[in-house]
Amino acid sequence: QVQLQESGPGLVKPSQTLSLTCTVSGGSITTNYYYWSWIRQPPGKGLEWMGAIAYSGSTYYSPSLKSRTSISRDTSKNQFTLQLSSVTPEDTAVYFCARARVIRTTQPDYWGQGTQVIVSS
């Protein structure tokens with residue numbers, strides 16, 4: 001059973017960089033052919049796929065967020081990390097990490113529990 005757990009600050013100031021880490025257990029992030037994804041849900045809105053890092057280490061980003069997003073991994077810790085720069089209050093959301101079999105999906109097969117991030121001064 002794969003388990004994912006997000007961690008990071010719950011409050012970020014505008015213009016700063018949001019950084020979240022997802023720790024994976026029960027499976028390796030290098031196992032073919034999974035995509036380790038970040039998905040968010042702003043209050044009152046639907047799910048938004050942000051980006052993913054593949055089992056190979058290749059990265060994929062939403063075009064609307066690409067200029068501000070970076071996803072990396074630490075295979076020794078079985079973790080992957082999201083960095084979102086220049087945040088604004090519109091980036092307030094519940095952020096989920098997930099494992100998917102395809103990229104650009106908001107229907108992964110495993111989810112983390114999600115972590116609330118508020119962008120406010």
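Predicted model: local features only at pLDDT ≥ 70, side-chain atom pairs only at ≥ 80, totals over all residues.
The chain is built from eleven strands and has zero helices. Here is a short tour, from the whole chain to single residues.

**Overall build**

- Reading from the N terminus, the order of elements is β-β-β-β-β-β-β-β-β-β-β.
- The radius of gyration is 13 Å, which agrees with the value near 14 Å that a compact globule of 121 residues would have.
- If you take the contacts between residues at least 6 apart in sequence, 56% of them join residues at least 24 apart.

**Surface and charge**

- Buried residues make up 42% of the 121 in the chain.
- The chain has an accessible surface of about 6100 Å², and carbon and sulfur atoms account for 46% of that surface.
- There are 10 positive and 6 negative side chains, and 4 Å separates the centres of the two sets.

**Nonpolar cores**

- The largest nonpolar core holds 25 residues, and those touching the most other members are Leu18, Trp36, Trp38, Phe80 and Tyr95.
- Two or more residues of this core come from each of β3, β4, β5 (48-54), β8, β9 and β11 (115-119).
- The top contributor is β3, which gives four residues to this core.
- Another core, of six residues, lies apart from the largest one, and its members include Tyr35, Trp49, Ala54 and Ala98.

**Backbone features to look at**

- As background, most peptide bonds are trans, and most residues other than glycine have a negative phi.
- The peptide bond that runs from Asn32 to Tyr33 is cis, and its omega is near -10°.
- You can find Tyr33 in the loop between β3 (18-25) and β4 (35-41).
- Asn78 is not a glycine, yet its phi is positive, at about 55°.
- Asn78 counts as buried because its relative accessibility is 14%, and the cut-off for buried is under 20%.
- Ser86 also has a positive phi without being a glycine, with a value of about 50°.
- The loop that holds Ser86 runs between β8 and β9 (93-100).
- Ser86 has a relative accessible area of 43%, so it is partly exposed; that class covers the range between the 20% and 50% cut-offs.

**A closer look at Thr75**

- With a relative accessibility of 45%, Thr75 counts as partly exposed.
- Once neighbours within four places in sequence are left aside, Thr75 is in contact with Ile29 and Thr30.
- Thr75 and Val102 are 27 residues apart along the chain, and their C-alpha atoms are 20 Å from each other.

Notes
Residues numbered from 1 in each chain as written. Heavy atoms only, no water. Rg over C-alpha atoms; globule rule 2.2 N^0.38 Å. Buried < 20%, exposed > 50% of the residue type's maximum accessible area, 1.4 Å probe, protein only. Contact = heavy atoms within 4.5 Å. Areas by Shrake-Rupley, 256 points an atom, 1.4 Å probe, with all protein chains shown as cover. Lys, Arg positive; Asp, Glu negative; His and termini not counted. Charge placed at Lys NZ, Arg CZ, Asp CG, Glu CD. Core = buried A, V, L, I, M, F, W, Y, C linked by side-chain atoms within 4.5 Å.
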